[in-house]
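We'll go from the overall layout down to a few individual residues.

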Amino acid sequence: MAQSSQSPTRSIFGSLVLIAVVIGGGAAAFAYTAGWLSPQRLTPEKMVAALAPPTGVALGYRRNHAKGICFTGVFEANGAGSAVSYAQVFIRGQYPVLGRFNLGTADPNAPDATVRVRGMGLQISTPEGQVWRSAMIDPPFFAVSTPQAFYELLLASASKDPDAMKTFAGAHPEIAAFGAWAKSAPWTGSYAEERFNSLNSFVFTDSSGAEKTVRWSLLPAAQSVPISQEDLAKRGPDFLEQEIAERVRGGPQRWTMVVSVANPGDPTADPSKSWPEDRRTVEVGTLTVQRIEPDRDGPCRDINFDPSVLPSGMRTSDDPFPVARSAAYARSYDLRTAEAKDYPRTATDAKP
Amino acid sequence: MIAGRQRFTPLQRLLHWLMAVCILAMLFIGVGMVSTVMPKYLTLVSIHKPLGIAILVLALIRLAVRLRYGTPPLPADLPEPMKLAAQLSHYALYVLMIGMPLLGWGMLSAAAYPVVLFGGVYLPAILPQSDSLHTLLWNAHFYFAFVFFALVLLHLAAALFHALVRRDGVFEAMAPMSTHDEIARAQ
């Protein structure tokens, strides 16, 4: 053997060096995988940190869509959805729902009329323990094309550089359409009058194994009544929560769930681009909101409306957002559950 | 020592090397998935969960096999501190192989996440939803992962030390195949 011709000391020294190289290499590979050697990597930590409002993080709250109110209800599937997905939730029947109306802000104390984007988190449970979670918003398309662009948008909006937004818009022209929507779309005075859209695409599999890329929306049964931003502001900072609680006390509120199916070639990976109006749509059922629940110590508090939590028969598509949202939402959830002591859990603890 | 078996049984060696691959993959997948928001995040998470359960099952089988067949004795001339380190690190590795998947499963349960394996197979929650439990288990799962990786490196360093420096047959006892040294010794 080669070693036998060397001096034993030299052979031992060589072996120790080899061991050090193997262990050092292993540790370095681990550090690289963890991202410690790649400061430019977009981590969930960075994404969530960039969401922090200028006033600072609201400890214990969701890191975005921090302001909201919880509800329970039922999803009644009409059976038509089985044409696009074998998911149990589309088999005719009633399935319990947990959801949350919310505002697209990281500030839980933001006045309602200062927040342009409204959302709905939704969880539909089926008897065999599967759940379908979704977090939808009311714009017809998303502001940007990629999670990286969304991160840059957050940095640009928080930047002190007066040209930051202009520079951003130059690099991401898709933001212009969203800006136009934000400026011109009518405001409403109620969550019940909002249409909520998945915006992200997902892949549905039917019982024959055929796959279709889809998006979905919840269309309100209530008539939308436009209201000016000024008039909404006059109604009070927390008007929307009060209004929906009162409205649901008066009677359940309903939305029709509509699934749109993409044609080949439609921009399934880019939620900033709508699909043409003539795409096949399937009305799959009705969401009924039966009861408004408190946000602070209600059943939504402990739920992460992670859009990658899907039942069998649905999966994520080439749209990069649901995965990025899943990673960031998990980070937000880990943070806020660790801050539970800072979270006003009961109405009596709440800030005035 | 002469009376004892010199090597682990073939089943023990198979379990060891199979689990070595699984655990290394698991640790890299874990540390990699939490560092990214890219599409691979979900792919990695969806491997991490079933692989963790596979490691739990393999570790329990391995523990049973270990209790049944025992281990070959360590060399008589191995210094006592090294013997102690070997024994303690093996206990720690067993605790982690069984404990880490349970921590992960418990952590997901305490966060009310569905625990999905391949093909839409769901595991039941083993804990009720709880912020404080989730935080405790999350921290344990996170920090013990680094302890686990450090132990794996230590274990690897010790194995190489036995193989290359001491050449005392300890490495050969777990080597997947017979080595030249061992054949020579046997002769």
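## Chain B at a glance

Starting from the N terminus, chain B runs through its elements in the order α-α-α-β-β-α-α-α. That comes to six helices and two strands. Keep in mind that this is a predicted model.

The chain has 187 residues, and 47% of them count as buried. If you look at contacts in chain B between residues at least 6 apart in sequence, 70% join residues that are at least 24 apart.

## Two helices side by side in chain A

Two packed helices are described by the angle between their axes and the distance between the axes. Over in chain A, helix 4 (residues 147-158) and helix 5 (residues 164-171) have axes that come within 8 Å and cross at roughly 160°. Angles over 145 degrees count as roughly antiparallel, so that is what helix 4 of chain A is relative to helix 5 of chain A. The crossing of helix 4 of chain A past helix 5 of chain A is left-handed.

Which residues in the two helices meet? From helix 4 of chain A it's A:Ala149, A:Glu152, A:Leu153, A:Ala156 and A:Ser157, and from helix 5 of chain A it's A:Ala164, A:Met165 and A:Phe168. Sorted by class, this contact between helix 4 and helix 5 of chain A has six nonpolar residues, one polar and one charged.

## The nonpolar cores

The largest nonpolar core holds 82 residues, and the members touching the most others are A:Val144, A:Phe150, B:Ile23, B:Leu27 and B:Phe148. There's also a second, separate core of 47 residues, which includes A:Leu103, A:Met136, A:Ile244 and A:Met314.

What does A:Val144 touch, leaving out residues up to four places away in sequence? Its contacts include A:Ala149, A:Leu153 and A:Phe168, residues that also turn up where helix 4 of chain A meets helix 5 of chain A. Among the other partners of A:Val144 are A:Phe150, A:Ile175, A:Pro271 and A:Phe321.

## Two residues with positive phi

Most residues other than glycine have a negative phi. A:His65 isn't a glycine, yet has a positive phi of about 50°. You'll find A:His65 in the loop between helix 3 (44-50) and strand 1 (67-77) of chain A.

A:Leu199 isn't a glycine either, and its phi is positive at about 60°. Look for A:Leu199 in the loop between strand 6 (196-197) and strand 7 (202-205) of chain A. Buried or exposed? A:Leu199 is buried, with a relative accessible area of 7%.

Terms used. Residues are numbered from 1 along each chain as its sequence is written. Chains are lettered from A and ligands numbered from 1 in the order in which they are written. This is a predicted model: local features need pLDDT of at least 70, side-chain atom pairs count only at pLDDT 80 or more; totals for chains, interfaces and linings use all residues. Side-chain values use heavy atoms; hydrogens and water are left out. Axes are lines fitted to C-alpha atoms, for helices over the stretch in contact, and angles run from 0 to 180 degrees between N-to-C directions. Helices (H or I, at least four residues) and strands (E, at least two) are DSSP runs, numbered from the N terminus. Angles under 35 degrees count as roughly parallel, over 145 as roughly antiparallel, 65 to 115 as roughly perpendicular and the rest as oblique. A crossing is left-handed if the near helix is turned anticlockwise from the far one by less than a right angle, and right-handed if clockwise. Contact means heavy atoms within 4.5 Å. Ala, Val, Leu, Ile, Met, Phe, Trp, Tyr, Cys and Pro count as nonpolar, Asp, Glu, Lys and Arg as charged, and the others, Gly among them, as polar. A nonpolar core is a set of buried Ala, Val, Leu, Ile, Met, Phe, Trp, Tyr and Cys residues joined through side-chain atoms within 4.5 Å. Buried means under 20% relative accessible area, exposed over 50%, partly exposed in between (1.4 Å probe, protein chains only).
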